[in-house]
Amino acid sequence: MANLTTQQNQRAIELAQETLQIEGDAILNLKRNLINKNAEQFAHAVELLLGCKGRIVVSGIGKSGHIGKKVAATFASTGSPAFFVHPAEASHGDLGMVTQYDVFVAFSNSGETSELTAIVPIIKRTGAKLIALTGNPTSSLAELADAHINVGVEKEACPLNLAPTASTTAALAMGDALAVALLDAQGFRPEDFARSHPGGSLGRKLLTHVRDVMRSGLELPKTKFDAKITDALLEITAKRMGMTVIIDAHEKVIGIFTDGDLRRLIEKNSQFQNTSLQEAMTPNPRTISPDVLAAEAVEMMERHRINQLVVADADGRLIGAL
């Protein structure tokens with residue numbers, strides 16, 4: 001393994017800092033330039049995407065193609081059906097994927113990419129709308145576009161000012177901005193996101209409801225309000241939840257009796273066996289609906305510093321416990 005000299009290490013760090021500075025400035029310039037005509041074009045692009053009755057078709061070649069693939073994936077994962085089509089392949093049959101109901105999003109820094117300029121007129125003739133993201137507002141793609149967003153940068157982060165670096169970062173950031181603006185306009189919710197990501201930890205978090213993880217049936221500790229303290233203790237021991245829910249004759253929740261309640265009862269009266277359960281319990285405990293997300297239940301338990309949470313229906317009847 002080759003070892004860098006101290007001077008080479010320092011040079012590498014300086015280049016890294018300079019690259020991050022240039023690419024950061026490129027994105028900030030996009031923000032500053034998102035006024036007047038560019039703002040109007042951005043808003044129009046969001047309108048076109050929002051009104052899309054077909055699919056969002058994203059295209060680009062080279063590094064712009066890689067950016068396009070990522071942006072297409074972002075659209076798809078945030079509620080807008082989208083896919084990437086390679087412009088060269090489009091010229092050899094894949095153009096049949098594009099219909100009059102689609103919105104075609106083209107990425108090209110120069111705006112003169114031959115593979116794109118060759119197919120764009122045909123795409124326009126189909127009736128599909130065209131959104132172009134280029135670094136040249138007077139380019140062929142910009143002129144043909146229904147909405148053109150200028151993503152030009154002053155210079156690349158590459159020391160030779162050749163390799164696409166700042167320009168691709170800027171294009172990616174603007175693609176993300178379009179996707180975020182679109183999902184907000186569509187009223188996209190966390191549950192919608194989860195449906196597109198069922199296999200990940202975030203999907204599990206957003207798709208898991210209280211009813212999926214609560215104790216219920218024979219595993220649920222519950223005791224009638226007129227039972228003895230000893231009956232409640234036996235239920236706590238048998239079900240191993242550190243508590244039992246106190247219910248009335250109609251299964252409605254009226255209280256909870258926990259290990260903590262027992263300790264406090266013993267401190268007050270060592271002959272607690274003669275104490276009524278209604279005197280010893282904590283009345284009107286916090287409850288939660290079975291249809292609430294499990295993550296919200298956890299947040300509620302942490303906020304109120306409780307170890308158990310009763311699950312009840314809209315009429316206050318016991319369903320389960322966490």
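In this predicted model, helix α3 touches helix α7 through Lys63, Ile67, Lys70, Val71, Thr74 and Phe75. On the α7 side, the residues they meet are Thr168, Ala171, Leu172, Gly175, Asp176, Leu178, Ala179 and Leu182. By class, this contact of α3 with α7 is made of 8 nonpolar, 3 polar and 3 charged residues.

Two packed helices are described by the angle between their axes and the distance between the axes. The table gives both for two helix pairs.

| Helix pair | Angle between axes | Distance between axes |
|---|---|---|
| α3 and α7 | roughly 20 degrees | within 10 Å |
| α1 and α7 | about 40 degrees | 9 Å |

Angles under 35 degrees count as roughly parallel, so the angle of roughly 20 degrees makes α3 roughly parallel to α7. The angle of about 40 degrees makes α1 oblique to α7. The crossing of α3 with α7 is right-handed, and α1 also passes α7 in a right-handed crossing.

Helix α1 covers residues 6–33, and helix α7 covers residues 166–185. Where they meet, α1 supplies Ile22, Glu23, Ala26, Ile27 and Leu30, while α7 supplies Ala166, Thr169, Ala170, Ala173 and Met174. This contact of α1 with α7 holds 8 nonpolar, 1 polar and 1 charged residues.

Helix α3 itself runs over residues 63–77, which is 15 residues. From first C-alpha to last, α3 reaches 22 Å, close to the expected 21 Å. Its buried residues include Ile67, Val71, Thr74 and Phe75, and these four are also among the α3 residues that meet α7. After α3 comes glycine 79, with a positive phi near 95 degrees.

Technical notes:
Residues numbered from 1 in each chain as written. Predicted model: local features only at pLDDT ≥ 70, side-chain atom pairs only at ≥ 80, totals over all residues. Heavy atoms only, no water. Axes fitted to C-alpha atoms, helices over the stretch in contact; angles between N-to-C directions. Helix = DSSP H or I, 4+ residues; strand = E, 2+ residues; numbered from the N terminus. Parallel < 35°, antiparallel > 145°, perpendicular 65-115°, else oblique. Left-handed = near helix turned anticlockwise from the far one by under 90°. Contact = heavy atoms within 4.5 Å. Nonpolar A, V, L, I, M, F, W, Y, C, P; charged D, E, K, R; others polar. Expected span 1.5 Å × (residues − 1). Buried < 20%, exposed > 50% of the residue type's maximum accessible area, 1.4 Å probe, protein only.
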